[in-house]
Each structure stands twice: as structure tokens, then as C-alpha cells.
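Reader: Hi! Could you walk me through this one in plain words?
Author: Happy to, so let's open it up.
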Amino acid sequence: MSNTRFLTDAQLPFCKGCGHALVAQNTEKALQKLNVNPLDVVLVTDIGCHGIVDKSFLTHTVHGLHGRSSALAAGITAGLNNPGKKVIVFTGDGGATIGMQHLIGGAHLGFDMTVVVHNNMLYGMTGGQPSEFTPCGFKTPTLPEGSTKPGYDICELMVAAGASYVERVIGIGDYSDSLAKAFTAPGFSLVEVMEICPSYGVKSNPGMKLSKLVEDAGWNVKVYADGKGNSFKTPINSEPKSLISDKFEVKPKYSSSIERPVSIMLSGSAGEGVQSAAEFLAKAAIVSGLNSTKKGSYPVTVGVGFSASEVIVSPKQILYTGSPVPDVLIITSTDGLGYARAAAGRMKGGVIYIDETLDAPETGARIVKVPFRERVGAKNSAMYAVFYAVHYEKFYPIEALKDVFLSNKIAEKVNIESLLQF
Amino acid sequence: MHESKKNLAFIDGSRLITEALVRAGADTFVGYPITPANLLYLYASKRFPTMLAAPDEITTLQWMSGFAVAGHVPVTATSYPGYALMVESIGMAAMMELPMVIVLVQRLGPATGTATCGAQGDLNVVYGTMSGGYSIPTFSISNYHDCWELSAKAVHTAIELRTPVVLLTSKEMVMTLQSFDWSNLPEIQPKKVKHYKGEGTYLPYKADETLVPDFLPVSQNKHQVRITASTHDTKGILQNVLPEAIENTKRLEQKLRKHIDEYTTYELDEQQGSETLIITYDISSQASREAVVHLREKGKKVSLLVAKTLLPIPQIYVDIANRYTRVVVVEENLTGQLRHLLFGAAGRKGVSGVNGIAKMISPTEIVEEVMRYE
């Protein structure tokens, strides 16, 4: 055991009789037993009376938000990615209440850290309100009749979440061995230190003994998990590939005779290849020397309802990517008709290609009915409709669309001849 | 044919943003899924040296802060509902002076609104993130070049000023596919956080004339590091309202003001003789650029200011606006959030807005507003 100091010589900043001072002293003793360098220790403190202990420690100290200390420490230990460092969290039962998600998540993932819960069963800094850890019958200044519910058993919760080392101790005397075991356990460890607040707990519950209180609450003072868990390894991708590479380049191969931007709206049903078909339509425009954009619209739920896409193909640079009034509207399903009806109503010219089973919407556009669904089935109706529109509207050579289609894996499943029925 | 174009691709803005963030020096992505920011999450999982999936957005910002304390430069991408959960932690990170970038992809609100519809509704939310009127440097993407350059600028600013930075964008910028020639994108130089090199006692919050303190990660064991979100002195020790601690808190805003010229970026297209200025940002920028083309074709003289650094509001924007008798502020929200930040509740004679929700503002709407008094 070293005699390296982890605490300054200044008096600890706690009320007389508060167990928080003992947590600090036992932490120092445990670290001395482990013979670690104080600057290989990161102490992360929560909000609460215990949180003002930072200035007393000679380790690195980080003081964050209420309840978030365990998540902050998780980020630190994942960022360090070094089991030689000791990341220790001090939190109260209040911080553990509001930050329970972080404790469960930390235990679940096995972050290399130790959480020391200073459980005095109430919020001491704010006047003695009850926490979710307040046991049945325990009184506080704002709950003079006593709690009617049992408090959380954090040790059981942590075991269920997968913590490596878990122990509950009575926060009296020397419990540095327990802390030392937690500090050396791989992965996530938690020690719940039972205390009673001298300012609010003692006064509200005169004559109550801490060990009796813990026993009556049904909380066992024991080791719940003995440190055989795994520790989290931060994933490192040492050779990530650039997201912009030659394979995304599209080489213009054909040419188009269109002289102004053309906006095409494709409106069908989710799961019927609308977005892919629109992407092919736009990509083939680039292959034909045009600029293009493709903007998708769909409900939040994937695979249900309408799926629409607005494509603009243009010989000039495209700035605004919206197209409130399409020049060409392609509708392949009932869902698609529902979504596109407003756009159709805005069209004073242009053309609407619509599946022949659907009623034509009110519009100033020319209507062309085509049995898209009947000829190729629902799943390929959007792709077929795009081929059909390109063939008749001649935005660019249909060979460009064929090239894009054949270079995609979809060509292995869908016979291109089925899409060339004009 | 695009004979002059060498690297023509059909891509979305998320791809450029993600690549630029990493090249600029960001090394860790912490993500929680949310539409319409999911492409950034997907690309980050392939491109960032470290990518972690967090269980919620509060955890996301806390993990990011932890990574920053350990010496990393983290990034996340979210939308308003996630950003709202992050707010307290962003303030914490700003107080701790931790570099990080939050990509905020705007979608239609309020509340969960419509996740798959774009918007420009979050400027006021970002403006009010920090209690006390402190700013978070905020950049706004107006086109694909900005996806590249402003993403890098966001990382560099976060590193140089040791602060969280918000990169504001919208669903249509990060999800729409566009043909794009990336052959003329500039090289991005990676930046690193400046570390303390001294031998003496390290004071984590003692700054020189730059007002930005040198950093040391907790991964080193030569100097003690103290980091705190509470009002603190230069040692990083919690204090009440001691003058040294209050001066340190004021410094958080002063450092941003001191360096504002270094991170102020905007596009100004002034036409001689024009008395009308269009001001815009984010997803309405391209519609505004197109409207300017149409207006000039009609013979209407008009100038355009595309604001790219949004917060803190650069004084130059107000100075430019004051040169024009008519100012039209274009933004996809109901009440004109940038307009209010620039001209206040009282407004200014000659200032109007083109606003709307649930669809991108069109060039036609902008042209009509500019021509309203002709």
C-alpha cells in the first residue's frame, strides 16, 4: 500500500457526521492499496452535496450535470480506451434516480468505470426531498408521513443490467477493500454506500439506526456480482475509406436535346421501387450530359403508404430543387394518386402517365393511361413507368436509362425486356 | 456533354458533410437515430475512426463530452426533438469549453411534427440554447459546396475556440440527390486542439490574449486537469460568484466575439444601383439565388446576402442591410426567425419576409414579394 495522497490536506467540505467524507477517505485508501498514480485516475462527480468534493481530490476531476455523471464518465472511459486508467463516478441517490438510464446502459455495455452511489435516501442539497431510493417508512422534511413505497434496489438492477462487480456496503468505518475490488474489476462496477444524512435524515427519523433501516428495507449488504464481467472496447476503424471516390463518378456518354429544365414527379406506393426508379431516371440524365436532382417524399413509416419523388433534369445548373408544378407526372398506384392529386391540379399543361386502373385526377394536363401494374406487376410498376415516360418524352436517349439499369443489381432480378413494352 | 467536368457524381449532401467533418479533424461520431439525419449516421458508421450508437440524445451529448475530455473531437447529427434533449448538455460542454459539432437537420415541427418534411424552424432554438444569452457558433449550409467547406469550418471553429458548434441544415439538403462536380472542392487541412506545453502548474481555464485556454486531456498524467460545468475559477474549481469566476464565465462570450471575423462567412452578390436586398440562409438559399436570376432577367435590380455564419449574428449583416431601402428575408418558418434576430420585434421600415412551412419556398414566391411594390 502506497502513501501517495489522493486528497488534499484541507478539511473535506461536508456536514459533521456525513458519510460522504468517509467515501472520499475510503476511496483514497483503496487507490493507495492499488498503488496507482493519482493522475491516472479521473473522478467524475454528479450534482449533490458529494459533488463539491472535486477540490479535495488530487486526481483529474470532472464535474458535470445532475444525473449525467455516469454517461459523461462512460464517454471519458471510452475516449481513453485504456484499462490502466481508473474512471470513478461519485453520485448520490438523486443522481442515480434521474440518471438511471445511464447506469443501466453503462452496466449493459460494460464501460470500464466504477460508480460509487452515495445513498442517503434523500436529496440533501435541496432540502431533503425523497428520491426513488427512499425506503418505505423513511421520513424526510417534505415527506413527514414517510414513504409508502420501497426504494430502488440498485444492486439488483445493476446485476440484471450486466454489471461486472456490484456490492452494497454500510457507509461506516473502513470499506476500502470493497472499493478496491470494484476499481480493479473489468468493465462496469458499482458500489452502493448506505448513508444517512445528518441534516435531514437523522432529524426526520430520530433514533433510527442505519443498519436496521437497511435491513428493514430488505436491502442486503453483500457482494452481488464479483467482477467477472467484460469490459467495453471502443471500436476503432483504423483505415476508414473516403466517402467520395471514383466509384461514385458518373461519366456522361450520351447527349440530350432538351433545352430547358424538365420536372418529373413519380408517385406510387412504398415498396414498389419508386425511389429507385426515380434515382435511375435522374442518374441516366447525368449519363446523358444533363444535370439532375431527385427529392423523395414519403410518410415516416417505411413500407406503408405513398412514395413519391421529384426529379428535375436540366441542361443548366439546377439551383432550386423543388418542383411545385411538374411537367410530367407519373402515377402508378392509388396511394400515388392520393399524394399527387394536388400537383396534378396545379398542372395547366404537360402530361400525366397514370395506371389505367386509376381514375384521372382533375388537371389541365394531357392524360395517358397505361397498364403499368398489369404488364409488370406492382413491384416493378414504377420502374416500367419511368422507362415508358423516357421513351415517349425523350428527355434523353433511352439507352442511358438502360445502361444505368443494367449496371445495377436489379438487372439480375428483372428482365429489362419487360420494361421495354411501349 | 459535361466535358469540362471531371468528377461528376450523383450524391446527397450528407456524404459531403460526413467526409468533410472527418477530414477537418473530427474523429468520433456518437449517434442516436432520427429522421431526417439518418444518412449522416449511416455514413458516419463507415467513415469515422470511432462511431458509437448511444441509447438516447442526452447520453449522446454526455458521451461526446467525455470523448472531448479525453482529447477527441466528437460529432453528432440530430433533428429538433433530439436537439431539445441535448440542450442542457450542450450548455455543459460550452461551459467546460469542449470542442464538438452538432449537425442539426431541421424538419417540420412543432414537437414531432413531420419527420420527413424539411423546415427552417430551429434558429431560435439554437439562439436560446444557453442560459444567460451566450452564443454557440452556428453555421448554415446553403448548397453542396457549403456541405464541404462549412462542415470543415464548423470543426475548425470548434477546435480553435474550444466550443460546441452547431451546423444547421435541412432535410432537403442532406437527403436530396443532386448531380455534383466535386473536382473543384478545396483540400481540407485537419486541425488539432492546442495543448498546454508549459512545465509549471496547469490552470485549465487560464487564457492568454486569445481568450481561449490551452487544453490538456485527462489521458496524460503530467498535469492535473479539472473540468467543470459550474461557475469556476481558472483552476477549474467550483466557485460561487467570485469576481475571478464571473470573469471566466464572461470570457465564454468574449472569446466568441473576439474571433467572430475569423469564422464569419457569407455570400454577398450586390448589384450596382439595387435598392432591394434579399437575405436568406440554409435551404431557401438556392431558391433565392434562382429568384435573383429571374429578377435580373426581368430588369429588376436586386442584391443577395446568403448568411452562412448565423450565430452570433455578425454585425456586418445589419450594416449591409442598412444600405438598402427594401430588405426581403426568405426563410422556411412562419414568423421570420432570422428577420427578428436582425431587426428585432419592432422591425424596420422596408423589411418584409417570405415565409412558409411544409414546403420549400419557391423562387416564384420570392420574385412576387420583391416585385410587390413595383
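Author: First, a term we'll need: helices (H or I, at least four residues) and strands (E, at least two) are DSSP runs, numbered from the N terminus. Also, this is a predicted model.
Reader: Thanks! Where is Phe188(A), then?
Author: Phe188(A) lies in strand 8 of chain A, which covers residues 188-194.
Reader: Is Phe188(A) buried or exposed?
Author: Phe188(A) is buried, because it has 33 C-beta neighbours inside 10 Å, and 20 or more are enough to count as buried.
Reader: Nice. Which residues is Phe188(A) in contact with, leaving aside neighbours within four places in sequence?
Author: Those contacts are Gly106(A), Ala107(A), Gly110(A), Phe111(A), Met113(A), Ala163(A), Ser164(A) and Gly229(A). Take Met113(A): 75 residues separate it from Phe188(A) in sequence, yet their C-alpha atoms are 5.2 Å apart.
Reader: Switching topic: what are the domains of chain A?
Author: Domain 1 of chain A spans 19-226 and domain 2 spans 246-420. Their centres, taken over C-alpha atoms, are 60 Å apart.
Reader: And what about chain B?
Author: Chain B has domain 1 at 8-184 and domain 2 at 266-370, with 25 Å between the centres over C-alpha atoms. In their contact, domain 1 of chain B supplies 26 residues and domain 2 of chain B supplies 22.
Reader: Which element gives the most on the domain 1 side of chain B?
Author: Helix 5 of chain B, with 4 residues. That side of domain 1 has 13 nonpolar, 11 polar and 2 charged residues.
Reader: How many residues does each chain bring to the contact between A and B?
Author: Chain B brings 64 residues and chain A brings 60. On the chain B side, helix 3 (residues 57-69) gives the most, with 9 residues. By class, that side has 31 nonpolar, 23 polar and 10 charged residues.
Reader: One last thing: at what angle do helix 10 and helix 13 of chain B pack?
Author: Helix 10 (residues 285-297) and helix 13 (residues 363-370) of chain B pack at about 55 degrees, with axes 8 Å apart. That angle makes helix 10 of chain B oblique to helix 13 of chain B, and their crossing is right-handed.
Reader: Which residues make that contact?
Author: Helix 10 of chain B uses Ala287(B), Ser288(B), Glu290(B), Ala291(B), His294(B) and Leu295(B), while helix 13 of chain B uses Pro363(B), Ile366(B), Val367(B) and Val370(B). By class, the residues of this contact are 7 nonpolar, 2 polar and 1 charged.

Note on methods. Residues numbered from 1 in each chain as written. Chains lettered and ligands numbered in written order. Predicted model: local features only at pLDDT ≥ 70, side-chain atom pairs only at ≥ 80, totals over all residues. Axes fitted to C-alpha atoms, helices over the stretch in contact; angles between N-to-C directions. Parallel < 35°, antiparallel > 145°, perpendicular 65-115°, else oblique. Left-handed = near helix turned anticlockwise from the far one by under 90°. Contact = placed C-beta atoms within 7 Å. Nonpolar A, V, L, I, M, F, W, Y, C, P; charged D, E, K, R; others polar. Buried ≥ 20, exposed ≤ 12 C-beta atoms within 10 Å, placed from the backbone. Domains from an automatic or database assignment.
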